[in-house]
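Please read them with the structure open beside the text.

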Amino acid sequence: MPHRSPSSSRGRVRIARRASPWLLPTVATAAVSLAGAGRSGKARAVAVPATALAAGMLWFFRDPERDIAQGRIISPADGVVQSIMPWQDGRTRVAIFMSPLNVHVNRAPVAGTVTSVEHVPGGFVPAFNKESEHNERVVWHFDTELGDLEMVQIAGTVARRIVPYVPEGTKVEQGERIGLIRFGSRVDVYLPEGIEAAVEVGQTTTAGVTRLDRD
């Protein structure tokens, strides 16, 4: 059975793994400028924007604990359902748009074995643009009880770094953290043939909590 976060962990927030290249310099700059603000006008001038930026980074890279929902397929991302499209092979693509204000950590939509993690180079147009189909991306495949399940992390204008947490061959539990898209963008899940989407366009999703499939 997939691991379910204990109720006592609800509300706990940590910082996302692999956020340090962005987070540490901003926090260090804020700390140094605040320490010198009492002695230097230049430090005071830097302290306000540096502290605001550091606070923003801490918010952007938050990684809250979640009580993982029951369901065959759950949302891998916080965001808004941008589109639900039938595919020629019988699958249904559910595209979830992640804004810079959403949590950026993505979670496994199913339990299974990661059979492929492929980085595909591409552009960086806004994720809500149709041309984002050609953006840089990481394509995941999971071997599951439902068969092969595909998930795609797509970079956008601001989100130019996708960071997988687990390599090919890893067994993951449903709702487990598997990667990070720095500063938002889009995540697509391809529901296997015969599985109907339980969400609607415009609906807000929560990673590990919102169920994507309908009984």
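**Notes on the predicted model**

1. The R66 side chain comes within 2.9 Å of the backbone oxygen of A207; its side chain also makes a polar contact of 2.9 Å with the side chain of D78. A polar contact here is a pair of N or O atoms within 3.5 Å, in which one must be able to donate a hydrogen and the other to accept it, residues adjacent in sequence counting only when both atoms are side-chain atoms.

2. The model is predicted, so that local features need pLDDT of at least 70 and side-chain atom pairs count only at pLDDT 80 or more, while totals for chains, interfaces and linings use all residues. Residues are numbered from 1 along each chain as its sequence is written, and side-chain values use heavy atoms, with hydrogens and water left out.

3. R66 sits in the loop that connects strand 2 (62–64) with strand 3 (79–86). Its relative accessible area is 12%, so R66 is buried, the term standing for under 20% relative accessible area with a 1.4 Å probe and protein chains only, with over 50% as exposed and values in between as partly exposed. Strands are DSSP runs of E with at least two residues, and helices are runs of H or I with at least four.

4. The search of the whole structure returns 1 cavity of 30 Å³ or more, and the largest cavity holds about 30 Å³ of space. On a 1 Å grid, a cavity is a set of points where a 1.4 Å probe fits but cannot get out, whereas a pocket is an open set with protein on both sides within 12 Å along at least five of seven lines; lining residues have an atom within 4 Å of a point.

5. R66, D78 and A207 are among the residues lining the largest cavity, together with D63, P64, V103, V105 and R107. At least two residues of this lining come from strand 2, and at least two from strand 5 (105–107). By class, the lining of the largest cavity holds 4 nonpolar, no polar and 4 charged residues.

6. R177 belongs to strand 11 (residues 177–181), and its relative accessibility of 13% is why R177 counts as buried. The side chain of R177 makes a polar contact of 2.7 Å with that of D63 and another, of 3.5 Å, with that of E65. Beyond four places in sequence, R177 is in contact (heavy atoms within 4.5 Å) with R14, D63, P64, E65, V105, N106, R107, Y165 and V166.

7. V189 is part of strand 12 (residues 185–191) and, at 0% relative accessible area, is buried. Residues up to four places away aside, V189 touches I73, P76, T92, R93, V94, L149, E150, M151 and L212. The C-alpha atoms of V189 and I96 are 8.3 Å apart, although 93 residues separate V189 and I96 along the chain.

8. The largest pocket has a volume of about 260 Å³. It is lined by 11 residues, of which G71, R72, V110, A111 and E145 are the closest to its centre. Its lining divides into 4 nonpolar, 4 polar and 3 charged residues.

9. For the protein overall, the secondary structure amounts to 2 helices and 15 strands. Of its 215 residues, 49% count as buried. Among contacts between residues at least 6 apart in sequence, 71% join residues at least 24 apart.

Notes. Points joined across faces, edges and corners; volume = space filled by probe spheres on them. Nonpolar A, V, L, I, M, F, W, Y, C, P; charged D, E, K, R; others polar.
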